[in-house]
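Hi there,

Here is the structure I promised to pass on to you. Have a look at it first, and then read my notes below.

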Amino acid sequence: MLSRLQILKIVKRLAAPIVGCPKMYNVDSAKEAKKGKKEKDVSNASCQHPVELEPAPAFIAYRQLMWDKLKKEYDEWVSSQAPQSILISMPDGKKFEGLSWRTTPFEVAKSISQSFADEVVIAKVNGDVWDLDRPFEADAELKLLKFDHPEARAVFWHSSAHILGEAMERHYGGHLCYGPPIEEGFYYDMSLENRQVSPYDYPNLDNIVKKIVKEKQPFERLEMKKEDLLKMFEYNEFKLRIINEKIDSPTTTVYRCGPLIDLCRGPHVRHTGKVKALQITKNSCSYWEGKADMESLQRIYGISFPDSKQLKEWQRIQEEAAKRDHRKLGRDQELFFFHELSPGSCFFLPRGAHLYNTLCNLMRSEYLKRGFQEVVSPNLYNIKLWEKSGHWQHYAEHMFSFEAEGEKFALKPMNCPGHCLMFDHRPRSWKELPVRFADFGVLHRNELSGALSGLTRVRRFQQDDAHIFCRPDQIKEEMAGCLDFLKCIYSVFGFTFQLCLSTRPEKFLGEIAQWDEAEQQLKESLDEFGDKWEYNHGDGAFYGPKIDITIMDALRRPHQCATIQLDFQLPIRFELSYISGDEKSEKKRPVIIHRAILGSVERMIAILCENYGGKWPFWLSPRQCMVIPVAPPFDDYARKVKDELFDAGFLCEADLDSGDTMNKKIRNAQLAQYNFIFVVGEKEQQNGTVNVRTRDNKIHGEHPLEHVKARFNYFSESKILDAEEKF
């Protein structure tokens, strides 16, 4: 089963559309939202192709013949297994008796209640995700997961991908490739000759999907030998590649729903009727396995839910997200822009630069309190550094490199190797540790042009990057400090977050005892932190365990920004050491903690922009207040108020345009999201006051200018999110 983080990695690698492909249709994007008339034309148009191919592709019947023969043999084998009494244990301590090879998780769920069983999406048996109708094979610890569980959602969306895949085969007759769940929904890639997928096809696909759901086709599992798989999928060169290149065991599984039989590890929902609401969201082109030098494929995306109300809520959120799209708001609020002469590199305008610097200064203010030392490291290194760190062997294609004076150099994509050089430039004593380096250095990564997306996927960016060099016995304390740091920062933004401890993967470097001790210290840090957390077994980096942090924005969308990772390997590669405090004064190896909270500052600005919908909190806002005179005779006083507030350190402007009425100026300031609007006239001029109202038109009345400064100072220091209400 794919974890959330593994799903994110798949999305990052595979989901990029091809540059130069026929135009993507995306009903959720802000770009398409502008094209209302075109979308209306699409929805009213009809596909010129039949709903289903007649006759159906020959490979469907060929697959079915093989399935029928092999499934009969497998069912007979299962029936021949002598059932044994088994004990099934639930998380709450309840125990159920059953029979091996006969009792299923669904039967256990049904014994609790029929309504509960109907809501269960998938089972976990002894820690492995398991089909609800697949019999237990021995004593088992059983968990029953509903759609609100991340693993259950991934299974639900994987099953929905199979429903979409069946519809694609029946409508297009193409050869299916990969069809995974992704962070939100699913997609299926297909090789299709002499035809392009079009939005005009969606109604036909929807009709087939409705038939599939209505038929309640059961998802059936079958384990097959590799040689049989090669025969079954001999018509599909892409499936043959997967079988030959990815499957290193003598057998693997296929799943069937209706006429679709697909190479798949599973598991799946019980039947297609469980998917009550499914929507095709967009289509695009893609490359085989995300590699630009491989075949071009057609990709169709979708989203699904077990209840139609959930789909309607998702659609509402998508509409709101389109309004909040950071690319649109960045343009409307004059924060930033991109240019074809520097693709993937953002131009931050003055107001955007204010956001950027304010976020960095927020981190700097905490660095002073928490013992971090800010450093400045080079942007450019000889590739010998990257060879030593191991990045060149695994990451060279994502780095910008060039030759100069017979040597090869590369722009840094991360700061950690440079920080290792800084730690190692002189001998270190155990008394100095921990050493905490922080760096806002510019990073460059050679992302594919088709993968670039606003501020969320760029080539040039900065991170609130930090590396903590500590002794092994300091890991717990430093981890606790990192967790407290991120809670402090995320509470300022109003974010909630989820924590996962990712443990030793199958392929790892280092000693098991060292991993076990480190994981125990991380566990103790998380327990003492007090927030709820979960294990993400086997998803640690090869060089050390890590704590994964997922934040939730105002639209309940997850984002992974922060990272706290232990690293045993870089200190070994760079031969880092400190002098111990024991009698022998031996050299000992430190541990590195990679730590970022904002992550990419660019990406965090995008997330905050959409989270607040462009209504920036006062402490962060690039438009804090606007002064508006009631008439030209009071322009001088308006200018005086503006200057005083500006000199006090606040972003204050005055609208002295005589061509607009006062009401028009107020409305313009509200639409531009100025937090506060000060109206001044004769009374305010005589009293040295301003009349205060907010961007949401809440009127606070007349206040002395000194009082306004005091409140503004309080709002800036406290960083409250609702300054407009609490004026």
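How many helices and strands does the secondary structure of the protein chain come to? The answer is 24 helices and 36 strands, where helices (H or I, at least four residues) and strands (E, at least two) are DSSP runs numbered from the N terminus.

Please keep in mind that this is a predicted model, in which local features need pLDDT of at least 70, side-chain atom pairs count only at pLDDT 80 or more, and totals for chains, interfaces and linings use all residues. Residues are numbered from 1 along each chain as its sequence is written, and side-chain values use heavy atoms, with hydrogens and water left out.

Now the whole chain. Of its 727 residues, 54% count as buried (under 20% relative accessible area, with a 1.4 Å probe and protein chains only). The C-alpha atoms fill a box of roughly 95 × 80 × 65 Å along the principal axes.

Next, take a look at strand β25 (residues 496-502). Seven bridges join β25 to strand β27 (residues 546-552), and the two run antiparallel; Ser 502 has Lys 546 as its bridge partner in β27. Four bridges link β25 to strand β26 (residues 533-536), this time in parallel, and here Cys 500 is partnered by Glu 534. Strands pair if DSSP finds at least two bridges between them.

Finally, helix α8 (residues 202-215) has 14 residues. Its buried residues include Tyr 202, Leu 205 and Ile 208. After α8 comes Lys 216, with a positive phi near 50 degrees.

Enjoy exploring!

Note on methods: The expected span of a helix is 1.5 Å times one less than its number of residues. Buried means under 20% relative accessible area, exposed over 50%, partly exposed in between (1.4 Å probe, protein chains only).
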